[in-house]
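This briefing covers selected local features of the structure shown below. Points are grouped by topic.

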Amino acid sequence: MKNRIRERRQGLGLTQEQLAEQVGVSRQTIISIEGGRYDPSLPLALKLARLLGQSIEDLFIDQEE
Amino acid sequence: MGFFGNLTMRRYAATNLILGAMFINLLLFGGRLEMGEAFTAGLATGLGVGWLAFGIGGWIALKRPGRTWDERTATINMKASAISFCVVMLVTALMSAALRSRTLGMDWSAADLAGMLVNLGLASFGLLALVIRKRT
């Protein structure tokens, strides 16, 4: 699933390592999510959305719409 | 979440104790089961390596909670396990027919078959986990 995590993260001046640390996953997981290769679970998506200051709907792009 | 997800120091110590007891028992009494020297040595090596892997992996997980074993790793392992299970089941089904065939004349013992299935399960899991990790 496509998402805006990379641009939002970079906008906040966070590195992948820092974001990973704050949501409690590995950096590799953040890389995979940003690349759209891995869809996070709802709890992780909520954590990311909260941390990046956006709603899940704004952060993740539903390609079926 | 997952194998290391709920690991505490108490669980880590208890699991190490169990694995250690199994390993030492095998070293002390494995010979009495007369499974063959090479097999006993292989089994002890496997168990020892497993114990070592758990010891190191568990220690890292305790020091960096939620990082080494996160939901992506759990998903990869779950997918690899599911496909590996199907592969083992398929081969077991095929072998159960093949071993009954007089035309094929496969003279396998139960030990040969069990060993092959264990190796197949481990190898397919490892390979699949590697491939899925690269693609996820």
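In this predicted model, a polar contact of 3.0 Å joins the side chains of Ser26(A) and Thr29(A). Ser26(A) lies in the loop between H2 and H3 of chain A, and Thr29(A) is among the buried residues of H3(A).

- Ser26(A) counts as buried because its relative accessibility is 14%, under the 20% limit.

**Packing of H2(A) and H3(A)**

- Two packed helices are described by the angle between their axes and the distance between the axes.
- For helix H2 (residues 16–23) and helix H3 (residues 27–34) of chain A, the axes come within 8 Å and cross at roughly 110°. H2(A) is therefore roughly perpendicular to H3(A), as the class for angles of 65 to 115 degrees requires.
- On the H2(A) side, the residues that meet H3(A) are Gln16(A), Glu17(A), Leu19(A), Ala20(A) and Val23(A). Their partners in H3(A) are Arg27(A), Ile30(A), Ile31(A) and Glu34(A).
- By class, this contact of H2(A) with H3(A) has 5 nonpolar, 1 polar and 3 charged residues.

**Gln16(A)**

- Gln16(A) is found in helix H2 of chain A and counts as buried because its relative accessibility is 17%.
- The side chains of Gln16(A) and Arg27(A) are joined by a polar contact of 3.3 Å.
- Leaving aside residues up to four places away in sequence, Gln16(A) touches Arg9(A), Arg27(A), Ile30(A), Ile31(A) and Glu34(A).

**Buried residues of H3(A) and what follows the helix**

- In H3(A), the buried residues are Thr29(A), Ile30(A), Ser32(A), Ile33(A) and Glu34(A).
- Within chain A, the buried residues of H3(A) pack against helix H1 (5–11), H2 and helix H4 (42–52). From chain B, helix H4 (71–98) also packs against the buried residues of H3(A).
- Gly36(A) follows H3(A) and has a positive phi, near 75°.

**Gly11(A)**

- Gly11(A) is in helix H1 of chain A and is exposed, with a relative accessible area of 64%.
- From C-alpha to C-alpha, Gly11(A) and Glu64(A) are 27 Å apart in space, and in sequence they are 53 residues apart.

**Glu34(B)**

- Most residues other than glycine have a negative phi.
- Glu34(B) is not a glycine, yet has a positive phi of about 50°.
- Glu34(B) lies in the loop between helix H2 (9–29) and helix H3 (37–63) of chain B. With a relative accessible area of 70%, Glu34(B) is exposed.

**Aromatic rings**

- Over all chains, the structure holds 3 aromatic pairs.
- In one of these pairs, the ring centres of Tyr12(B) and Trp59(B) are 6.1 Å apart and the planes are at 45°, so the pair is tilted.
- This pair links distant parts of the chain, with Tyr12(B) in helix H2 of chain B and Trp59(B) in helix H3 of chain B, 47 residues apart.
- Tyr12(B) counts as buried at 11% relative accessibility, whereas Trp59(B) is partly exposed, with a relative accessible area of 41%.
- Which residues do ring pairs link into a cluster? They are Tyr12(B), Phe54(B) and Trp59(B).

Key. Residues are numbered from 1 along each chain as its sequence is written. Chains are lettered from A and ligands numbered from 1 in the order in which they are written. This is a predicted model: local features need pLDDT of at least 70, side-chain atom pairs count only at pLDDT 80 or more; totals for chains, interfaces and linings use all residues. Side-chain values use heavy atoms; hydrogens and water are left out. Axes are lines fitted to C-alpha atoms, for helices over the stretch in contact, and angles run from 0 to 180 degrees between N-to-C directions. Helices (H or I, at least four residues) and strands (E, at least two) are DSSP runs, numbered from the N terminus. Angles under 35 degrees count as roughly parallel, over 145 as roughly antiparallel, 65 to 115 as roughly perpendicular and the rest as oblique. Contact means heavy atoms within 4.5 Å. Ala, Val, Leu, Ile, Met, Phe, Trp, Tyr, Cys and Pro count as nonpolar, Asp, Glu, Lys and Arg as charged, and the others, Gly among them, as polar. Buried means under 20% relative accessible area, exposed over 50%, partly exposed in between (1.4 Å probe, protein chains only). A polar contact is a pair of N or O atoms within 3.5 Å; within protein, one must be able to donate a hydrogen and the other to accept it, and residues adjacent in sequence count only if both atoms are side-chain atoms. Rings of Phe, Tyr and Trp (its six-membered ring) pair if their centres lie within 6.5 Å; planes under 30 degrees apart count as stacked, over 60 as edge-to-face and the rest as tilted.
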